[in-house]
Amino acid sequence: MPPSKPRLSPVHRAAMERNPWFTSMPRAQREALLGAGELIHVRRGAMVFRQGDPIHAAGGGFYGLLAGTIKVSSLRQDGREAILAVLEPGNWFGEITLIDGSPRTHDATALEALDLLVVPPEAFAQQMRDVVFANAMAAMLAARVRMLYGLTEDATLRSLRARVAHRLLVLARGDATQSVQLRRTLMLPQEALAMMLGVTRQTLSKELNALAGEGVLALGYGRIELRSIDALQALASTG
């Protein structure tokens with residue numbers, strides 16, 4: 001189906017308004033960004049883009065996720081997949097290639113049917129001429145760098161249990177969203193969490209069962225309930 005100028009539903013707009021980065025901009029910039037995009041629908045399992053795609057690949061641009069969830073991942077040399085993030089409605093992504101002109105750094109795959117707002121490269125460049133929007137993009141990139149530093153610290157300095165606790169807390173705030181509101185139930189398969197941490201499903205299961213035995217969390221099918229946020233924060237901070 002060809003893209004159309006967006007007719008955003010109240011649900012779409014509500015998803016965007018829940019994102020702290022988006023709402024940090026004045027309304028004029030928010031409306032200009034929404035107005036620059038094209039609304040497309042993506043089927044479950046389809047790839048929004050692949051690692052190595054050039055800046056002007058068909059359908060490329062700066063993306064606003066209106067509905068659905070996206071897996072951001074990379075394939076290792078041994079064929080195993082590493083999940084970098086799970087994006088929820090309200091998130092914007094794909095800015096790196098538009099800023100530096102280099103190919104896409106990872107894969108983005110639809111975990112369910114998506115409604116996407118796509119701001120083409122030329123329209124994104126026009127938005128970047130606005131100082132307020134450019135400053136907002138700088139803030140977004142700074143947040144991304146902070147998150148990457150945190151993941152690097154996890155991988156090099158922290159115990160596995162601390163890494164598990166820290167990642168659960170990040171996911172509780174919507175992963176890339178980092179909402180101020182923290183949810184206590186995560187709808188996430190353990191296999192996906194293992195891919196995020198770069199460990200085997202069996203290794204992760206041992207840590208989660210130990211935490212469940214201590215009453216820190218409860219496990220269900222495709223679900224992790226965080227019962228003690230204080231305990232998770234203590235584990236994450238001790239390393």
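These are my notebook entries on a predicted model.

**Ground rules**

I number residues from 1 along each chain as its sequence is written. The model is predicted, so I take local features only at pLDDT of at least 70 and side-chain atom pairs only at pLDDT 80 or more, while totals for chains, interfaces and linings use all residues, and side-chain values use heavy atoms, without hydrogens and water.

**Entry 1: the sheet**

I looked up the strand order. Helices (H or I, at least four residues) and strands (E, at least two) are DSSP runs, numbered from the N terminus. I found 4 strands in an open sheet, ordered 1-8-3-6, with antiparallel pairing. Strand 1 (38-42) and strand 6 are at the edges with a single partner strand each, so one side of each has no neighbour in the sheet. I count two strands as paired if DSSP finds at least two bridges between them.

I then went through the pairs. Strand 1 and strand 8 are antiparallel and share 5 bridges. Gly64 has Trp92 of strand 6 as its bridge partner.

Is strand 3 mostly covered or mostly open? It is mostly covered: 5 of its 6 residues are buried. Buried means under 20% relative accessible area, exposed over 50%, and partly exposed in between (1.4 Å probe, protein chains only).

**Entry 2: helices against the sheet**

I checked what helix 3 does. Helix 3 lies across strand 1, strand 3, strand 6 and strand 8, at about 105° to strand 8. For such angles, axes are lines fitted to C-alpha atoms, for helices over the stretch in contact, and angles run from 0 to 180 degrees between N-to-C directions.

Next I took helix 1 (residues 10-17), where His12, Ala15 and Met16 are buried. Seen down the axis of helix 1, the buried residues fall within an arc of 95°, so they line one face. The arc is that of the directions from the helix axis to the C-beta atoms. An α-helix has 3.6 residues a turn, so residues three or four places apart point the same way. Pro10 and Val11 are exposed on the face of helix 1 turned away from its buried side. What covers the buried residues of helix 1? The cover includes helix 2, helix 3 (27-36), strand 3, strand 6 and strand 8.

**Entry 3: aromatic rings**

I searched the whole structure for aromatic pairs and got 8. Trp21 and Phe62 make an edge-to-face pair, 6.5 Å centre to centre with 90° between the planes. This pair links distant parts of the chain: Trp21 is in helix 2 (residues 20-23) and Phe62 in strand 3 (residues 62-67), 41 residues apart. Trp21 is buried, at a relative accessible area of 13%. Phe62 is buried too, at 0%.

Phe49 and Phe93 form a tilted pair, 6.1 Å centre to centre with 40° between the planes. They too link distant parts of the chain, with Phe49 in strand 2 (residues 47-49) and Phe93 in strand 6 (residues 92-93), 44 residues apart. Both Phe49 and Phe93 are buried. My ring rule: rings of Phe, Tyr and Trp (its six-membered ring) pair if their centres lie within 6.5 Å; planes under 30 degrees apart count as stacked, over 60 as edge-to-face and the rest as tilted.

I also noted one aromatic cluster formed by Trp21, Phe22, Phe62, Trp92, Phe124 and Phe133.

Which arginines lie over a ring face? Arg30 lies over the face of Phe22, 5.9 Å from the ring centre. Arg104 lies over the face of Phe49, at 4.3 Å from the ring centre. A charge sits over a ring if NZ of Lys or CZ of Arg is within 6 Å of the ring centre and within 35 degrees of the ring normal.

**Entry 4: single residues**

I looked up Thr69, in the loop between strand 3 and strand 4 (70-75). Thr69 is buried, at a relative accessible area of 18%. Its contacts (heavy atoms within 4.5 Å) include Leu87, Thr109 and Leu114, not counting residues up to four places away in sequence.

Gln190 is in helix 8 (residues 190-197). Gln190 is buried, at 15% relative accessible area.

Ala138 is in helix 6 (residues 131-157). Ala138 is partly exposed, at 43% relative accessible area.
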